[in-house]
Amino acid sequence: MSLGQRVSSDHQLTRLLQIGVVLEEVVESRAAHHLDSLPPEERAAIDEEVRELLEEAADESADHRERLEALIDDLEADTVAYEEINALVDAQYGPPEDTDGVLYDQLANEETAYKFYDDLIDAIEASDGEFAIDRERLLETLYEIREEEKEGVEEVTEIMEHRA
């Protein structure tokens with residue numbers, strides 16, 4: 001996903017941060033449901049490393065969502081409730097059939113989130129617009145989230161390499 005433009009208004013910034021919240025809600029929901037959605041024999045075969053990865057991913061996405069929501073609150077806007085997104089995720093996505101499917105899905109989620117934040121940071125940095133929230137705080141929050149997503153990509157990749 002490429003933003004391909006500058007962020008020039010509070011309205012535009014709010015919409016992009018809301019997209020980030022929805023992205024985090026989807027990642028959180030999917031990571032939380034992966035273990036439950038696997039067939040019992042596959043669920044029993046999942047090792048502790050994968051189990052911890054999914055739990056950490058759900059927790060991290062919840063934290064990212066809360067940090068983005070705080071920025072959106074400062075812009076005096078609303079976000080989509082997690083429960084609404086969770087229900088959509090349950091209805092929309094079929095469960096992975098095995099541990100490899102879970103890991104590939106988690107890797108795709110982490111990479112998508114990393115790329116989104118990377119593009120969002122670039123678009124904000126390319127802009128000379130003024131925002132209703134502190135630009136330094138905004139960018140610092142986004143840098144931290146992007147770095148955590150990068151670490152998530154590396155962690156999933158490392159687990160996949162060990163399993164190969």
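Me: Which helix is Thr14 found in?

Reply: A helix here is a DSSP run of H or I, at least four residues, while a strand is a run of E, at least two, and both are numbered from the N terminus. Thr14 is found in helix 1. This is a predicted model, where local features need pLDDT of at least 70 and side-chain atom pairs count only at pLDDT 80 or more, though totals for chains, interfaces and linings use all residues. Residues are numbered from 1 along each chain as its sequence is written, and side-chain values use heavy atoms, with hydrogens and water left out.

Me: Is Thr14 buried or exposed, and what does Thr14 touch?

Reply: Buried means under 20% relative accessible area, exposed means over 50%, and partly exposed is in between (1.4 Å probe, protein chains only). Thr14 has a relative accessible area of 6%, so Thr14 is buried. Contact means heavy atoms within 4.5 Å. Not counting residues up to four places away in sequence, Thr14 touches Ile72, Leu75 and Ala77.

Me: How do I read Ser29 and Glu144: buried, partly exposed or exposed?

Reply: Ser29 lies in helix 1 and counts as buried because its relative accessibility is 0%. Its C-alpha atom is 9.3 Å from that of Ala62, 33 residues apart along the chain. Glu144 lies in helix 6 and counts as partly exposed because its relative accessibility is 36%.

Me: What is the overall pattern along the sequence?

Reply: The protein has six helices and zero strands, giving the pattern α-α-α-α-α-α. Of its 164 residues, 46% are buried. Among contacts with a separation of 6 or more, 84% join residues 24 or more positions apart.

Me: How do helix 1 and helix 3 cross?

Reply: Axes are lines fitted to C-alpha atoms, for helices over the stretch in contact, and angles run from 0 to 180 degrees between N-to-C directions. Angles under 35 degrees count as roughly parallel, over 145 as roughly antiparallel, 65 to 115 as roughly perpendicular and the rest as oblique. The axes of helix 1 and helix 3 come within 8 Å and cross at roughly 160 degrees, so the two helices are roughly antiparallel.

Me: And how do helix 5 and helix 6 cross?

Reply: Their axes come within 9 Å and cross at roughly 155 degrees. That makes helix 5 roughly antiparallel to helix 6.

Me: Which residues touch the most other members of the largest nonpolar core?

Reply: In soluble globular proteins, nonpolar side chains tend to be buried together. A nonpolar core is a set of buried Ala, Val, Leu, Ile, Met, Phe, Trp, Tyr and Cys residues joined through side-chain atoms within 4.5 Å. The largest one has 24 residues, and Leu13, Leu17, Ile124, Leu138 and Leu142 touch the most other members. Helix 1 (10–37), helix 3 (48–74), helix 5 (99–125) and helix 6 (135–163) each give two or more residues to this core. Helix 5 gives the most, with seven residues.

Me: Where is confidence lowest?

Reply: pLDDT is the predictor's confidence in each residue, from 0 to 100. Where pLDDT is low, the predicted coordinates should not be read in detail. Confidence is lowest in helix 4 (residues 82–92), at a mean of 62, and highest in helix 6, at 95. The protein averages 85, and 87% of the residues score at least 70.
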